[in-house]
Amino acid sequence: MTVYEQLGAEGGIRTAVDEFYRRVVADPQLAPFFDGVDLPRLRAHQAQLLVQVTGGPARYDGRDLATAHARLGIGERDFDRVVEHLVAVLVDAGVGEDTIAAVGAALGAHRQDVVTAPVPAP
Ligand code: HEM
């Protein structure tokens, strides 16, 4: 079974993505990044991307991730927090550990495309 199938294919991924953004925009650390963002479009693109990177039919038609995040000033902590929310959603949905690890690795590979804020001084 592909990771895509283990996540419940399109339907499972869409449900998880919807819940994921509910939590992200309710998180005070992350909410400001999403002010004025077209959330339905973002949810659709995030779901397409997840379908594609987990072995489902490839049809992501959003911008490349570096371009989409370039001007947002996202820091390492913000990235980690977003990944934490996604992992929590998958745990709550009953997705197995190995599958979650595979999703985490697929997304972790994009860290340098998404994080653009300079490392804060100690
Ligand atoms: C591996 C982690 C991430 C992935 C895979 C990801 C994926 C995406 C995708 C697919 C889009 C849509 C691009 C488009 O519509 O053309 C997007 C946009 C966006 N992402 Fe991420 N993202 C990640 C991390 C983050 C983080 C950590 C934040 C903020 C804390 C963030 C904030 C945003 C915002 C605000 C937009 C909308 C930008 C706009 O419409 O101008 N993302 N992301």
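This is a predicted model: local features need pLDDT of at least 70, side-chain atom pairs count only at pLDDT 80 or more; totals for chains, interfaces and linings use all residues.
The largest pocket has a volume of about 820 Å³. Its lining comprises 31 residues. Nearest the pocket centre lie Tyr21, Phe34, Leu42, Gln46 and His69. By residue class, the lining holds 20 nonpolar, six polar and five charged residues.

Salt bridges were examined next. The structure contains 10 of them. Side chains of opposite charge can pair when their charged atoms come close. Glu10 takes part in a salt bridge with Arg14, at 3.4 Å from N to O. The two residues are four apart in helix H2, so about one helical turn separates them. Glu10 is partly exposed, at 23% relative accessible area. Arg14 is also partly exposed, at 40%.

Glu10 also meets Arg59 in a salt bridge, with an N to O distance of 3.0 Å. This pair joins distant parts of the chain. Arg59 sits in the loop between H3 and H4, whereas Glu10 belongs to helix H2, 49 residues away. Arg59 counts as partly exposed, with 35% relative accessibility.

Within helix H2, Glu19 and Arg22 are three residues apart and therefore separated by about one helical turn. Their side chains form a salt bridge of 3.0 Å, N to O. Glu19 is partly exposed at 24% relative accessibility. Arg22 has a relative accessible area of 52%; the cut-off for exposed is over 50%, so Arg22 is exposed. Glu19 and Arg22 belong to a network of salt bridges that also includes Arg23 and Asp92.

Technical notes: Residues are numbered from 1 along each chain as its sequence is written. Side-chain values use heavy atoms; hydrogens and water are left out. On a 1 Å grid over the protein atoms alone, a cavity is a set of points where a 1.4 Å probe fits but cannot get out, and a pocket is an open set with protein on both sides within 12 Å along at least five of seven lines; lining residues have an atom within 4 Å of a point. Grid points are joined across faces, edges and corners, and a volume is the space filled by probe spheres set on the points. Ala, Val, Leu, Ile, Met, Phe, Trp, Tyr, Cys and Pro count as nonpolar, Asp, Glu, Lys and Arg as charged, and the others, Gly among them, as polar. A salt bridge is a side-chain nitrogen of Lys or Arg within 4 Å of a carboxyl oxygen of Asp or Glu. Buried means under 20% relative accessible area, exposed over 50%, partly exposed in between (1.4 Å probe, protein chains only).
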